[in-house]
Amino acid sequence: MTAIVASAPSPLWYVTRGSGIITLILLTASICLGVAGAVGWHRRSLRRFVVAGLHRNLTLLAVVFLALHVATTAADSFTPIGVKDAFVPFVASYRPLWLGLGTIACDLLIALVVTSLMRVRVGYRAWRTTHWLAYAAWPLALVHALGTGSDARSGWMAAIALACVLAVVAAISVRATRGGFGPRSIVSVGAAGAATLLIGLWYWTGPARRGWAARAGTPSRLLAPATDAPVSRLAATRPLDPPASLPHSFAARLSGRLTQSTPDTSGLVTVQIDARLNGTVRGELRFALRGAPEDGGILMSSSGVAFEGSGPTPVYEGSVVALDGPNVVADLSDSAGATLRLLIVLRVDRGTGAVSGSLHGAQT
């Protein structure tokens, strides 16, 4: 039997994750420096110049990483996110609400850059208004990162988000209390604290909990099977021909075992199933799914499948093309170019790792 290993996630996926996190950190630093300049955390003109220059350059650097984040997200075919989803909010099929908040943050930053470049023409008042509105990009970007990102449940991501929140709240508090604790400063500090508590409550009851991927609006085809619930037919798959024999169509029962690796340095795991087939066709089936842990299964980022019937049948290899709970659809081909579609219906005993179910195959 041919050994298979799920292929590594696309390099674009790593760049998308990294550029998004760096954008959030740079935006946080820019916000804090903007507040620093406003309250006069400096005594000499040189320091004022340095603070203003750092604020401007960090903002521009954040926009550069934002552009990289958008470009790699649109280029990566794993998620159904297009270029228009980066500029038009709430129209994406992938986590539309949380992706839409990131889109609004992106639009606000673009407006800031455009008005800054055209400051002489738009006037100081219009530029100033846009500049202040751009501050709203930070909380939107934070919620977008936690609501859409695949690392929301990771301890290091939670630590980064907490550090960003504390930094901004501290900067706002210093600014509000610069002239003493008057009514205005108390309201400002109270509002910042209330917003922090709301974001924290939302995080712990949402992204930090199991099942968030499905509740956030992730298409079911991207969610790996994670249950031994009764099997239902996969509606997204076209009907298969009546069972016959290879290479036209066939059916078989399967039994085998599931194993799961420990998380690697990226927090990803590999779930592998090795099974034997009995029925109209005998043989072996092996497939592996790789991705982030989610509700006892994984949020798939890559896959590999191999099928070999008994007797003089070729080895077919390919990947998973659709998932819906315990149902898996895979497209495979042999060395001669013949193609095969498999519908695999699984029951998994999470206690023992035993796997049973059925397999239907048809030449395509």
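Predicted model: local features only at pLDDT ≥ 70, side-chain atom pairs only at ≥ 80, totals over all residues.
Figure 1. Ring pairs join Trp98, Trp202 and Trp212 into a cluster. In the structure as a whole, 5 aromatic pairs are present. In one of them, the ring centres of Trp98 and Trp212 lie 5.4 Å apart with the planes at 50°, so this pair is classed as tilted. The pair connects distant parts of the chain, since Trp98 belongs to helix H3 and Trp212 to helix H9 (residues 212-215), 114 residues apart. Both Trp98 and Trp212 are buried.

**Figure 2. The edge-to-face pair of Trp202 and Trp212.** Trp202 and Trp212 form an aromatic pair with a centre-to-centre distance of 6.1 Å. What is the angle between the planes of Trp202 and Trp212? The planes stand at 85° to each other, and the pair is edge-to-face. Trp202 is located in helix H8 (residues 183-205) and Trp212 in helix H9, so the pair ties together parts separated by 10 residues in sequence.

Figure 3. Cys106 is part of helix H3. Is Cys106 buried or exposed? Its relative accessible area is 6%, so Cys106 is buried. Beyond neighbours within four places in sequence, Cys106 makes contact with Leu66, Val70, Ala86 and Phe87. The C-alpha atoms of Cys106 and Ala134 are separated by 9.5 Å in space, while the two residues are 28 residues apart in sequence.

**Figure 4. Thr72 in helix H2.** Thr72 lies in helix H2 (residues 45-75). Its relative accessibility is 7%, and Thr72 therefore counts as buried. Which backbone oxygen does the side chain of Thr72 reach? The side chain of Thr72 comes to 3.2 Å from the backbone oxygen of His69. When neighbours within four places in sequence are set aside, the contacts of Thr72 are with Leu12, Val15, Thr16 and Ser19.

Figure 5. Which helix supplies the largest share of the patch? Helix H3 (residues 96-117) does, with 3 residues. With a relative accessible area of 40%, Val114 is partly exposed.

**Figure 6. The overall setting of the close-up views.** The protein contains 9 helices and 8 strands. Of its 364 residues, 43% are buried. Among contacts with a separation of 6 or more, 58% are between residues 24 or more positions apart.

Definitions and conventions: Residues numbered from 1 in each chain as written. Heavy atoms only, no water. Helix = DSSP H or I, 4+ residues; strand = E, 2+ residues; numbered from the N terminus. Buried < 20%, exposed > 50% of the residue type's maximum accessible area, 1.4 Å probe, protein only. Polar contact = N/O pair within 3.5 Å; in protein donor to acceptor, adjacent residues only side chain to side chain. Contact = heavy atoms within 4.5 Å. Phe/Tyr/Trp six-rings, centres within 6.5 Å; stacked < 30°, edge-to-face > 60°.
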